[in-house]
Amino acid sequence: MKPDLFQAPDYYNLDELLTDEHKMVRDAAREWVKREVSPIIEEAAQKAEFPKSIIGGLAEIGAFGPYIPEEYGGAGLDQISYGLIMQEIERGDSGVRSTASVQSSLVMYPIFKYGTEEQKQKYLPKLASGEMMGCFGLTEPDYGSNPGGMVTNFKDKGDHYLLNGAKMWISNAPFADIAIVWAKNEEGRIHGLIVERGMEGFSTPETHNKWSLRASATGELIFDNVKVPKENLMPNKSGLGAPLGCLDSARFGIAWGAIGAAMDCYDTALRYSKERVQFDKPIGGKQLQQKKLAEMITEITKAQLMAWRLGVLRNEGKATSAQISMAKRNNVEMAINIAREARQILGGMGITGEYSIMRHMMNLESVITYEGTHDIHLLITGMDITGMPAF
Ligand code: TGC
Ligand code: FAD
């Protein structure tokens with residue numbers, strides 16, 4: 001892969017909206033991605049391997065639980081810092097950002113929000129340092145967009161719960177030490193359980209043959225009469241709103257992360273357009289290529305403004321789930337469109353692993369699908385403005 005010459009676009013001087021702490025956190029993540037992710041990510045994606053060697057570095061830049069209080073090992077940062085870290089990591093690769101999103105918003109967040117003090121003390125510091133990795137099991141083979149229909153269930157057996165069922169498409173599953181598992185009790189109410197690797201009857205087969213998110217490990221979670229200790233149930237919230245609350249946090253991170261992927265594609269295409277000469281002129285001097293580039297920077301700028309405003313609302317505790325859905329949907333579509341256009345600017349070179357664009361484009365096919373599909377987020381906006389669910 002070519003050396004990483006990334007220069008972040010900031011067309012509307014958005015840096016002026018950031019605090020010194022935001023910029024420090026972002027620049028540290030940016031520098032780390034350039035140093036530790038860019039040199040290895042193409043090979044990891046080609047081999048379809050999650051590069052476990054970067055787990056320690058992710059922890060050091062505060063990517064695991066950025067907004068979890070320091071007393072539990074988190075970085076105690078605000079929501080905009082969280083967003084900026086996700087942006088920088090996804091500038092490197094959406095699969096690496098997935099690992100950080102899952103660990104932060106889908107594993108640490110539910111333990112912090114819904115768990116007991118003992119669970120927080122036991123798991124959060126180890127998750128923050130990367131000593132322990134987690135995954136989040138909501139989706140099932142027959143229940144993807146409609147997780148409320150899940151059939152995974154647990155029964156009260158007196159001194160333990162007995163868990164049965166299966167989850168699929170689970171990021172980090174093949175190597176996770178713990179899984180946050182959403183399952184129904186005998187009354188059909190959804191609860192979150194912390195299932196640990198090594199519990200008898202619990203297995204995590206890897207999902208192979210992916211053309212997308214190849215540097216992220218995806219797998220299934222299979223529960224065959226797994227005895228889960230009663231103290232592993234998170235008691236402080238139940239119902240579908242509990243997992244969906246975690247998704248709000250992760251979707252917010254994705255709204256920022258997608259900007260990173262788009263910035264990388266735009267920056268690569270802009271540089272290439274100035275260097276590549278056809279018909280005796282750089283292709284960047286041709287109107288058709290300028291139209292693509294000008295539209296890209298316009299869309300990136302709009303997405304940056306939306307993410308920043310959403311971050312302010314999240315910091316104030318005022319962002320609604322529907323506002324988060326709108327940003328996730330808009331920004332991921334923006335990124336995938338930019339990846340497709342940027343790929344064309346590079347001509348044949350655009351399909352090679354010499355450049356990051358094709359990898360981003362393929363990754364974004366997962367990002368536009370997971371954490372609620374593009375269609376589902378549109379329906380969430382539709383429901384919010386009309387009051388009528390059309391799912
Ligand atoms: P509905 O009846 O609308 O709601 C059920 C209860 O949930 C509450 N609620 C929310 N709470 C918090 N945050 C949200 N975003 C919420 N949305 C709804 C709601 O108020 C209600 O509460 P209560 O107390 O009245 O019971 O539920 P529904 O069954 O009609 O479904 C609504 C729908 C379609 C929006 C929801 O099911 C949905 O979002 N589906 C998409 C599924 C999804 O996003 N799956 C993601 C799986 S995890 C993943 O993809 C990780 S990828 C990780 C990575 O690698 O980065
Ligand atoms: P379906 O729900 O079957 O949807 C198929 C199509 O139908 C989509 O186009 C959808 O938009 C459309 N559709 C569905 N319902 C409606 C409707 N009511 N009206 C109109 N159209 C509709 N899940 C986890 O729990 N944890 C993870 O860590 C995780 N990681 C993932 C990693 C990857 C790489 C991928 C690809 C997925 C991951 N997922 C994870 C699962 C992901 O959240 C689901 O794939 C997603 O929610 C969609 O579910 P589905 O694939 O079953 O599609």
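Before anything else: the model is predicted. Keep that in mind when I quote distances.

I will start with helix α3, residues 79-92. Its 14 residues reach 20 Å from the first C-alpha to the last, close to the 20 Å expected at 1.5 Å a residue. How many of its residues are buried? The count is 14 of 14, and the helix is mostly covered. The N-terminal end of α3 has a cap, D78. One side-chain oxygen of D78 lies 3.3 Å from the backbone nitrogen of I80.

Next is helix α5, residues 117-129. Where does α5 bend? At Y123, by about 30°, and a proline, P125, follows within four residues. Just after the helix, G130 takes a positive phi of about 80°.

Which residues of α5 are buried? They are Q119, K120, Y123, L124, L127 and A128. An α-helix has 3.6 residues a turn, so residues three or four places apart point the same way. Now look back at the list, which includes Y123 and L127.

Now the ligands. Ligand 1 is surrounded by 25 residues, and the closest are S171, D248, R251, E371 and G372. In the side chain of Y370, an N or O atom is 3.4 Å from an oxygen atom of the ligand. E371 uses its backbone instead: an N or O atom there lies 2.8 Å from an oxygen atom of ligand 1. Taken alone, ligand 1 exposes 1100 Å², and the protein buries 68% of that.

Ligand 2 has 17 residues around it, the closest being T139, S145, W169, T373 and D375. From the backbone of L138, an N or O atom lies 3.0 Å from an oxygen atom of ligand 2. T373 places a polar side-chain atom 2.7 Å from an oxygen atom of the ligand, and for D375 the corresponding distance is 2.8 Å. On its own, ligand 2 has 980 Å² of accessible area, of which the protein covers 67%.

Last, two single residues. Y355 is in the loop between α8 (321-345) and α9 (357-367). Is Y355 buried or exposed? Its relative accessible area is 15%, and buried means under 20%, so Y355 is buried. Leaving out residues up to four places away in sequence, Y355 touches K2, E42, T268, Y272, L346 and M349. P174 is 181 residues from Y355 in sequence, and their C-alpha atoms are 28 Å apart.

Q344 lies in helix α8. With a relative accessible area of 46%, Q344 is partly exposed. Its C-alpha atom is separated by 12 Å from that of L270, 74 residues away along the chain.

Note on methods. Residues are numbered from 1 along each chain as its sequence is written. Chains are lettered from A and ligands numbered from 1 in the order in which they are written. This is a predicted model: local features need pLDDT of at least 70, side-chain atom pairs count only at pLDDT 80 or more; totals for chains, interfaces and linings use all residues. Side-chain values use heavy atoms; hydrogens and water are left out. Helices (H or I, at least four residues) and strands (E, at least two) are DSSP runs, numbered from the N terminus. The expected span of a helix is 1.5 Å times one less than its number of residues. The bend at a residue is the angle between axes fitted to the seven residues ending there and the seven starting there. Buried means under 20% relative accessible area, exposed over 50%, partly exposed in between (1.4 Å probe, protein chains only). A residue is near a molecule or strand if one of its heavy atoms lies within 4 Å of it. A polar contact is a pair of N or O atoms within 3.5 Å; within protein, one must be able to donate a hydrogen and the other to accept it, and residues adjacent in sequence count only if both atoms are side-chain atoms. Accessible areas come from the Shrake-Rupley method with a 1.4 Å probe; for residues, only the protein chains shown count as cover. Contact means heavy atoms within 4.5 Å.
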